[in-house]
Protein chains: 2
Amino acid sequence: MAKAITLLESTRADHRAQGDALLTELLPHTGHAFRLGISGVPGVGKSTFIEALGLHLIAQGHRVAVLAIDPSSTVSGGSILGDKTRMEHLSVHPQAYIRPSPSSGTLGGVAAKTREAMLVCEAAGHDVVIVETVGVGQSETAVAGMTDMFVLLQLPNAGDDLQAIKKGVMELADLVVINKADIDRDAATRAQAQITSALRILGQHGNPEHAHHDASHWHPQVLQLSALKGEGVDAFWQAVTRFRSLQEADGRLASRRRHQALAWMWERIESGLKQAFRQDPAVRALLPQMTNEVEQGTLAASTAARRLLDALKTNGERHA
Amino acid sequence: MAKAITLLESTRADHRAQGDALLTELLPHTGHAFRLGISGVPGVGKSTFIEALGLHLIAQGHRVAVLAIDPSSTVSGGSILGDKTRMEHLSVHPQAYIRPSPSSGTLGGVAAKTREAMLVCEAAGHDVVIVETVGVGQSETAVAGMTDMFVLLQLPNAGDDLQAIKKGVMELADLVVINKADIDRDAATRAQAQITSALRILGQHGNPEHAHHDASHWHPQVLQLSALKGEGVDAFWQAVTRFRSLQEADGRLASRRRHQALAWMWERIESGLKQAFRQDPAVRALLPQMTNEVEQGTLAASTAARRLLDALKTNGERHA
């Protein structure tokens with residue numbers, strides 16, 4: 001499994017061709033797992049939560065895979081997520097598989113590799129795939145865009161919810177967990193009420209493009225939990241199971257996955273177009289001058305864009 | 001002026017070439033105006049506000065242009081903004097120019113046309129250009145991305161601010177105006193306190209990519225105003241002038257405009273690349289099958305994307 005994922009993560013052209021062939025072969029064996037996205041700021045207790053949840057699920061007979069998307073790893077080359085030592089017991093369990101974040105490439109590229117790794121895990125028989133990300137950057141949207149359910153972990157702090165609302169992460173959440181609730185029960189209860197109210201307001205005026213919550217089906221819930229003490233993990237999984245049943249019953253799960261796959265295809269196309277543009281010799285020759293003139297204000301940005309697009313086109317025709 | 005703008009709005013290739021030549025000629029005469037972006041939900045009183053502000057500015061010797069970006073007009077072909085009858089006195093004033101939203105194209109295309117119209121207005125001697133948009137869709141980001149200062153109009157209602165925070169519009173605001181403050185002074189004062197506090201929290205944890213507010217320079221302000229009664233318009237313009245002086249003094253205005261111009265160039269490039277992709281005959285031939293297989297789950301989205309990109313490339317080479 002690790003070898004297959006490594007092959008898919010390779011950027012070598014021959015590996016890529018083999019990887020595509022492998023993926024196409026694996027696809028019929030995928031899709032049976034439940035894909036759970038988990039996000040939260042550093043310090044919210046993601047590792048402890050996933051370890052507690054993973055062991056709970058294994059005890060129930062599930063096989064669990066944990067993948068990570070760490071936007072910081074694309075800069076530093078090192079991942080703050082997916083470090084196996086963080087999940088002491090889960091990482092050594094034979095029914096669990098933990099894979100750190102791919103450590104190079106754009107967020108789009110990292111997300112694509114993680115999606116492919118997810119398919120490998122599913123084909124290998126893991127029936128719960130957890131994709132975790134840290135709450136910085138745009139990685140939450142990527143994770144929500146590849147999972148069946150997106151869970152946001154929050155601390156029982158005032159202001160934490162405002163940050164999540166601001167970044168548009170709150171409205172992606174199918175479920176909000178207030179972790180470390182045992183530390184201050186009153187604060188956790190206040191946060192629960194506050195977030196519940198915010199979710200209701202957000203849902204009312206929701207942007208129809210992002211709204212995957214229909215009032216008649218599922219209201220995003222807010223649960224209190226203490227991963228460290230293992231409190232609330234069972235209730236959490238019951239909520240996940242309820243959500244999953246509702247989504248499967250009326251075809252929403254299948255529809256969500258279709259939309260996600262198409263969005264993924266278009267994201268990869270746009271990324272590929274931009275890459276080809278930036279690597280084109282005629283564009284590379286012209287770009288510094290165009291950039292300079294636009295910055296100096298001697299050339300309109302739209303004119304510069306048209307010249308560069310023309311250069312790309314002409315070069316493509318001459319090249320053949 | 002209207003003719004120049006109409007030329008720039010044309011999609012005909014020969015018009016486009018003339019338009020580019022015109023723009024390049026006009027550019028040295030642009031950039032001296034102050035560019036003010038104004039957004040707010042329908043019913044917040046944008047027209048009344050702009051009419052009051054525009055007449056106030058003309059009385060001070062300014063020449064005012066009002067442009068509009070209406071995301072709904074790209075769908076309906078008709079604009080709910082820029083209707084001259086909305087600004088009864090300003091629209092007939094010789095020192096004012098009002099132009100409705102371009103009524104076709106994508107939001108990116110409409111924004112590009114509006115940017116070009118803005119340059120024409122500046123070259124024609126208008127020293128205050130107001131770009132207004134209605135608070136639906138992503139048009140606020142487009143307007144904030146082409147103006148020197150972005151002002152958000154809010155109603156003295158609870159929940160209104162939460163919507164703005166959710167959509168990421170609040171953090172774009174250099175200034176928030178609570179309009180219709182005369183209707184309910186207490187509510188307006190409560191809203192002012194609430195938004196001031198929200199702006200402080202947003203500023204503290206601000207995403208550095210979007211943060212153009214430096215604590216030492218400008219804290220986004222919240223003002224109460226009644227456009228209908230003309231109350232607060234003078235204080236509003238004083239705040240704008242203060243902001244402008246600060247921004248000009250340390251080169252932030254020039255830097256903001258450079259960034260905006262480059263972002264505009266890249267936005268137009270990406271849009272052009274996507275358009276060329278969708279119009280390519282080989283892509284058009286292959287796209288329905290790829291879309292179908294991705295939706296059915298028989299082909300990985302990343303594999304489909306690679307095949308389509310290969311088809312585009314091969315076709316470009318064969319075509320020449």
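How much area do chain B and chain A bury between them? Chain B and chain A bury about 4900 Å², 71% of it on carbon and sulfur atoms; buried area is the accessible area (1.4 Å probe) that two parts lose on being put together, summed over both.

## Basis of the model

This is a predicted model, in which local features need pLDDT of at least 70, side-chain atom pairs count only at pLDDT 80 or more, and totals for chains, interfaces and linings use all residues. Residues are numbered from 1 along each chain as its sequence is written, chains are lettered from A and ligands numbered from 1 in the order in which they are written, and side-chain values use heavy atoms, with hydrogens and water left out.

## The interface

The contact (heavy atoms within 4.5 Å) takes 53 residues from chain B and 53 residues from chain A. Between the two chains there are six salt bridges, a salt bridge being a side-chain nitrogen of Lys or Arg within 4 Å of a carboxyl oxygen of Asp or Glu. One salt bridge joins the side chains of Arg306(A) and Asp20(B), at 2.5 Å from N to O.

Elements giving two or more residues to the side of chain B that touches chain A include helix H2 (13–26), helix H10 (252–279) and helix H12 (301–319) of chain B; helices (H or I, at least four residues) and strands (E, at least two) are DSSP runs, numbered from the N terminus. H10(B) gives the most to this side, with 14 residues. The residues on this side of chain B divide into 26 nonpolar, 14 polar and 13 charged. Here Ala, Val, Leu, Ile, Met, Phe, Trp, Tyr, Cys and Pro count as nonpolar, Asp, Glu, Lys and Arg as charged, and the others, Gly among them, as polar.

## Salt bridges within the chains

Over all chains, the count of salt bridges comes to 30. In chain A, Asp20(A) and Arg16(A) form one at 3.4 Å, N to O. Both residues lie in helix H2 (residues 13–26) of chain A, four residues apart, about one turn of the helix. Asp20(A) is buried at 13% relative accessible area, and Arg16(A) is buried at 14%; buried means under 20%, exposed over 50% and partly exposed in between (1.4 Å probe, protein chains only).

In chain B, the side chains of Glu267(B) and Arg268(B) meet in a salt bridge of 3.0 Å, N to O. Glu267(B) is partly exposed, at 33% relative accessibility, whereas Arg268(B) is buried, at 17%. Salt bridges that share partners also join Arg16(A), Asp20(A), Glu116(A) and Arg306(B) into one network.
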